[in-house]
Protein chains: 2
Amino acid sequence: MQSIENYKAVFEQYLSQGHFTQEPQRLYEPVNYILRLGGKRLRPLLALMSYHVFADDFRKALPVAMAVELFHNFSLIHDDIMDEAPLRRGNPTVHSHFGLNAGILSGDVMLIYAQQYLLDAGDPTLSARLLKSFNRCAIQVCEGQQWDVDFERMNTVSIPQYLHMIEYKTAVLLACSLEMGAMTAGASDSDLHHLYEFGRKLGIAFQLQDDILDSFGDAGKFGKKAGGDIVQNKKTFLILKALELANATDKATLLRLMSTPTSNEQTKIHEVTTILRELKVPILAKEERNDYHRQAIEHLDQVSAPGDRKLALYQLAAFLLDRDI
Amino acid sequence: MQSIENYKAVFEQYLSQGHFTQEPQRLYEPVNYILRLGGKRLRPLLALMSYHVFADDFRKALPVAMAVELFHNFSLIHDDIMDEAPLRRGNPTVHSHFGLNAGILSGDVMLIYAQQYLLDAGDPTLSARLLKSFNRCAIQVCEGQQWDVDFERMNTVSIPQYLHMIEYKTAVLLACSLEMGAMTAGASDSDLHHLYEFGRKLGIAFQLQDDILDSFGDAGKFGKKAGGDIVQNKKTFLILKALELANATDKATLLRLMSTPTSNEQTKIHEVTTILRELKVPILAKEERNDYHRQAIEHLDQVSAPGDRKLALYQLAAFLLDRDI
């Protein structure tokens with residue numbers, strides 16, 4: 001078994017081999033810029049590890065790993081435009097740095113290259129299977145992003161609606177990365193199913209974890225200021241759960257806080273988190289997260305390979321959910 | 001042989017069969033909106049006709065026709081955002097009507113669906129060949145758009161650079177539509193080559209024709225006001241040719257007209273077209289256009305099929321270049 005860092009080093013090395021050096025420079029410079037901003041490389045790691053469950057030379061999954069990283073970064077660039085986000089991983093977002101047009105067009109070309117890497121990942125039969133999985137996922141990611149935008153202006157969003165949105169926006173790409181890695185190694189349909197479900201459940205748990213950390217995380221360990229979702233009036237799992245459980249007075253207070261401009265952010269964060277705590281929302285959210293995490297692990301258990309071949313995936317799953325709260 | 005109108009009717013009928021009726025509505029409404037704006041459906045027609053050169057049931061090329069129409073409309077939506085264009089085919093552009101975010105995201109999903117239609121167009125071997133042709137083309141279209149954006153702020157653009165830009169931005173998608181239609185019908189590599197080159201040369205001729213019509217077209221017959229390119233200081237073939245041929249005085253006048261704000265558009269159009277006429281630029285541009293058109297037809301001549309099977313393509317090529325000047 002390789003360590004998480006080792007898989008990451010292999011991917012970083014592959015990525016550094018000058019993939020986008022061609023002209024026109026203004027098209028490919030933003031592509032290289034965002035790829036160089038780094039990040040966890042979670043999706044490529046999942047693809048490489050998933051391949052490695054079934055076959056030794058996991059470098060054969062590098063084109064698949066590249067495809068999912070390109071797609072992920074394409075979606076970040078376009079989402080950052082839609083969210084008017086100035087920063088990404090502590091650096092200016094692509095559209096802030098290079099302009100709106102560069103953000104749109106460089107994102108587009110990354111989406112096309114993601115497809116191209118899958119087309120080059122194997123023989124036509126494998127490529128067609130990979131692309132079928134990928135396109136379904138890519139369409140769902142767009143749909144998830146649209147639901148997220150839609151929720152901003154909807155008065156009521158149910159928890160099932162929210163879970164469906166984060167499944168599409170976040171979880172299915174983790175699932176697809178695992179599925180495509182295993183597909184490239186020739187895994188059985190049953191194993192593909194369990195790896196897909198492992199990724200899907202893990203992705204939902206991961207997003208719930210993000211929701212919890214954003215409102216109740218330790219700023220020092222989490223690495224960004226707590227309360228951002230609350231300040232932006234985001235309808236996270238925490239807020240939706242609170243609205244479900246609150247009595248009329250608390251519900252009215254929450255809705256008022258979420259719909260009026262705030263002069264003092266810290267006061268608003270304090271008032272909202274106090275209500276969330278009173279309603280035991282952090283505990284309920286952790287239970288929900290743990291439930292998805294447990295289901296994820298159960299699917300990984302059922303993948304028909306010796307435990308030591310799955311160890312890297314177990315470790316990565318633990319690592320993802322093990323951030324301090 | 002079918003008439004141009006008949007191919008178009010078959011495609012329109014296919015298009016009307018409710019392809020994007022799913023949720024979320026706000027994602028797919030803009031897709032249906034732009035597809036319903038109509039247009040010549042040139043790229044689908046080329047795919048259907050090209051299939052029909054080699055095999056009878058040209059309806060089998062409908063998924064390919066759909067893919068190229070989706071890709072074309074994706075690129076229109078994103079280009080209209082970059083150009084800040086308010087109108088498209090006499091109607092509000094997608095981003096004007098539905099907002100920037102809808103323009104970006106609905107464009108993205110159309111690009112993914114274009115790939116999906118190609119994946120569904122045949123067996124894995126055919127799909128992989130189609131997608132290889134398509135991805136190369138799609139990347140070139142993005143690169144062409146970037147060159148077009150770059151040219152706006154470059155002081156000097158050469159005519160070969162300009163021809164390379166319009167080849168990528170416009171011509172390769174016509175070439176790819178023809179190639180993929182013929183590929184679906186099982187055409188030989190030699191015939192694929194000649195159809196591709198027919199489309200590529202025809203596309204360049206078509207864009208040169210557009211440049212000529214924009215400055216010297218009969219507004220009544222052409223359907224839009226003449227002189228738009230001149231008002232926007234676009235570096236078209238006409239302007240680049242004039243800058244190449246002009247003496248120092250005319251060149252200085254042209255550069256001044258293109259770099260200073262204009263109070264009177266009609267005067268500017270008159271001054272620029274007068275210089276172009278004096279330099280015989282309209283005649284030279286028509287010669288260039290005719291040269292590409294002739295080369296296109298020579299490639300179509302070399303496609304190994306009886307003349308009557310190619311008649312629709314000859315007619316379409318004539319129709320495209322036969323607009324009044």
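Helix 8 of chain A passes helix 9 of chain A in a right-handed crossing, a label used when the near helix is turned clockwise from the far one by less than a right angle. Helices here are DSSP runs (H or I, at least four residues) numbered from the N terminus. The axes of helix 8 (residues 159-184) and helix 9 (residues 189-216) of chain A come within 7 Å and cross at roughly 145°; axes are lines fitted to C-alpha atoms over the stretch in contact, with angles from 0 to 180 degrees between N-to-C directions. This contact has 15 nonpolar, 5 polar and 4 charged residues. Ala, Val, Leu, Ile, Met, Phe, Trp, Tyr, Cys and Pro count as nonpolar, Asp, Glu, Lys and Arg as charged, and the others, Gly among them, as polar.

This is a predicted model, in which local features need pLDDT of at least 70, side-chain atom pairs count only at pLDDT 80 or more, and totals for chains, interfaces and linings use all residues. Residues are numbered from 1 along each chain as its sequence is written, while chains are lettered from A and ligands numbered from 1 in the order in which they are written. Chain A averages a pLDDT (the predictor's confidence in each residue, from 0 to 100) of 94.

Turning to the partner chain, the contact takes 32 residues from chain A and 32 residues from chain B, where residues are in contact if their C-beta atoms, placed from the backbone, lie within 7 Å. On the side of chain A that touches chain B, helix 7 of chain A gives the largest share, 16 residues.

Technical notes: Contact = placed C-beta atoms within 7 Å. Helix = DSSP H or I, 4+ residues; strand = E, 2+ residues; numbered from the N terminus.
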